[in-house]
Amino acid sequence: MTSNCIFVPEESFLDELKRKTIITGHYGSGKTEFAVSLALKFARNENHTDSDNVSLARQWNHPPVSLIDLDIVNPYFRSREQRKLLEENGISVYGSVYKKEIAAELPALGADIKAPLECSNTKVIIDAGGNDTGALILNQFTKYFTDDETTILAVINANRPETSDINGAAEHITAIENITGLTVSYIINNTHMLRETTTEDILSGLELCKTVCKKLDKTLLCSCYPEEIITPDDLRKLQEHEKNLMPLGLYMRPTWLK
């Protein structure tokens, strides 16, 4: 057990993510927003678009970045709802066997999900179902989640009742590990209140996540902020070693909530 929270160095925190990144989190944590933003960030990153892996992936008819939506339990805020945006940015989207939203609520996965998992030159973002029950579906694909290729992230929103204190957040992460047999690699601070998010929300969430890291011997990867509302300059209270920041879009907010 470490005595202090471990932080990934600012300049390389995205490089810590292996070819397959599994994103877990409680309902309302913002894990899907994070998954979509991360996929777009990788797709737009020059380090990927100019790499040899991209040419190889395209040669085998696989885009260099793929997003797999395994959340077939929750009918709201699904990453596959942004299929058009993702595909316009060169990201392939996998999930429900039904490609049309009119049938997307039906809990059936497409057989083509295995394609990006088996293509060694494709970066894969996996949006797992919320909480430990939703994450259970990961067990169908365990053979693909080897340690050398897989990073597991736990997204924490300290403004959600289930993860608003140390014990709740720690129990949530432990439950996901127990039910999937996978080990969470990093914790993500994504404390928010949608469009009402303030810098204080993010800073207080950071303190909670740091404490959870100490309790569970985990590493804090980054803190997220809604880039339409908050800028990195607004978070100047962060210490130098805490300045791993991930900007998030508000892609998953439906028009009827505006």
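Does Lys210 count as buried or exposed, and at what relative accessibility? In this predicted model, Lys210 counts as buried, at 15% relative accessibility. The legends below take up its salt bridge and others.

**Figure 1. The salt bridge between Glu207 and Lys210 in helix 8**. The closest N and O atoms of Glu207 and Lys210 are 3.2 Å apart. Both residues belong to helix 8, where they are three residues apart and thus separated by about one helical turn. Glu207 counts as partly exposed, with a relative accessibility of 43%, whereas Lys210 is buried at 15%, under the 20% limit that defines a buried residue.

**Figure 2. A salt-bridge network of Arg19, Lys20 and Glu149**. Salt bridges with shared partners join Arg19, Lys20 and Glu149 into one network. For the model as a whole, the count comes to twelve salt bridges.

**Figure 3. The salt bridge between Asp127 and Lys31**. Here the closest N and O atoms lie 2.7 Å apart. Asp127 is part of strand 5 (residues 123–127) and Lys31 is part of helix 1 (residues 31–44), so the pair ties together parts that are 96 residues apart in sequence. Asp127 counts as buried, at 0% relative accessibility. Lys31 also counts as buried, with a value of 5%.

**Figure 4. The salt bridge between Glu200 and Lys237**. The side chains of Glu200 and Lys237 meet at an N to O distance of 3.2 Å. This pair links distant parts of the chain, 37 residues apart. Glu200 lies in helix 8 (residues 199–216), while Lys237 lies in the loop between strand 8 (219–226) and strand 9 (245–248). Glu200 counts as partly exposed, at 45% relative accessibility. Lys237 is exposed, its relative accessible area being 58%.

**Figure 5. Confidence in helix 2, strand 7 and the segments with pLDDT under 50**. The protein has a mean pLDDT of 84, and 79% of its residues reach 70 or more. Among its elements, strand 7 (residues 186–189) has the highest mean pLDDT, 98, and helix 2 (residues 46–49) the lowest, 44. Over residues 46–50 pLDDT stays under 50, and the model has five contacts beyond four places in sequence for this segment. Residues 54–60 likewise stay under 50, with ten contacts beyond four places in sequence. Where pLDDT is low, the predicted coordinates should not be read in detail.

Technical notes
Residues numbered from 1 in each chain as written. Predicted model: local features only at pLDDT ≥ 70, side-chain atom pairs only at ≥ 80, totals over all residues. Heavy atoms only, no water. Salt bridge = Lys/Arg side-chain N within 4 Å of Asp/Glu carboxyl O. Helix = DSSP H or I, 4+ residues; strand = E, 2+ residues; numbered from the N terminus. Buried < 20%, exposed > 50% of the residue type's maximum accessible area, 1.4 Å probe, protein only. pLDDT = per-residue confidence, 0-100. Contact = heavy atoms within 4.5 Å.
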